[in-house]
Amino acid sequence: MVFDEAEVAIWVHPSAAQVQEWREHWLALMDLALWGELKSSKIGALGKLRRRILECGEKLRSYSADRSWIPHPREQIKNCLSSGLQLRESLEKVSEQLEQMEAGAALVPLHSLWDNLAGNLLADLQQREERLVALLNAQYGEEIE
């Protein structure tokens, strides 16, 4: 079976509107983490949270990157799945670090922004991963028969 390259392209790259929405949410999150009033009794927790959010933005950028430069559709799929896994791990790390924040005027808005962004990303990751794995399985299934 040859991959339907149009279908692969749809699933390995989120829409421009979706990427823009994620970017805006991430920028607002980073702004609150950097400039908002947040407090933690643990020394260095706020700096670590900021680094984790920045890292998450880098993983989000990788996840939403154009993969058309990768010559084979199978490799595009594998690259997207790998980026998704890294993003999922980064989301978990930010969530863990957010739990270290205890007070401050920006705490509730930060949690709200985070819950919205993380929920949206996890839903996209699940749907995209399921479809991409199904495409790979169909390819491998036909190769075995």
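Which exposed residues does the face of α2 turned away from its buried side carry? Let's tour the model and find out.

**Before you start**

This is a predicted model, in which local features need pLDDT of at least 70 and side-chain atom pairs count only at pLDDT 80 or more, while totals for chains, interfaces and linings use all residues. Residues are numbered from 1 along each chain as its sequence is written, and side-chain values use heavy atoms, with hydrogens and water left out.

**Stop 1: the whole chain**

Show the protein chain as a cartoon. You will find five helices and zero strands, running α-α-α-α-α from the N terminus on. Here helices (H or I, at least four residues) and strands (E, at least two) are DSSP runs, numbered from the N terminus. The C-alpha atoms fill a box of roughly 60 × 25 × 20 Å, taken along the principal axes. Of the 145 residues, 38% are buried; buried means under 20% relative accessible area, exposed over 50%, and partly exposed in between (1.4 Å probe, protein chains only).

**Stop 2: helix α2**

Select residues 16-35. This helix has 20 residues and reaches 28 Å from its first C-alpha to its last, close to the 28 Å expected at 1.5 Å a residue (the expected span is 1.5 Å times one less than the number of residues). Colour Trp22, His25, Trp26, Leu29, Met30, Leu32 and Ala33, which are buried. Now look down the axis of α2: its buried residues fall within an arc of 160°, so they line one face of the helix. The arc is that of the directions from the helix axis to the C-beta atoms. On the face turned away from the buried side sit the exposed residues Ala16, Ala17, Arg23 and Trp35, which settles our opening question.

**Stop 3: α2 beside α3**

α2 and α3 pack at an angle of about 165°, with their axes 10 Å apart. That makes α2 roughly antiparallel to α3. Axes are lines fitted to C-alpha atoms, for helices over the stretch in contact, and angles run from 0 to 180 degrees between N-to-C directions; angles under 35 degrees count as roughly parallel, over 145 as roughly antiparallel, 65 to 115 as roughly perpendicular and the rest as oblique. Among the α2 residues that meet α3 are Trp22, Trp26 and Met30, with Leu46, Ile53 and Tyr63 among their partners in α3. Contact means heavy atoms within 4.5 Å.

**Stop 4: leucine 38**

Which loop holds leucine 38? Select it and you land between α2 and α3. Leucine 38 is buried, with a relative accessible area of 9%. Methionine 101 is 63 residues away from leucine 38 in sequence, yet 6.7 Å away in space, C-alpha to C-alpha. Leucine 38 touches Met101, as well as others including Leu32, Leu46 and Leu110.

**Stop 5**

In the loop between them, pick aspartate 66, which is partly exposed at a relative accessible area of 45%. Aspartate 66 and leucine 98 are 32 residues apart in sequence and 30 Å apart in space, C-alpha to C-alpha.

**Stop 6: arginine 128**

Finish in helix α5, residues 107-144, with arginine 128. Is arginine 128 buried or exposed? At 6% relative accessibility, arginine 128 counts as buried. Leaving out residues up to four places away in sequence, arginine 128 touches Ile10, Trp11, Val12, His13, Pro14, Tyr63 and Cys80.
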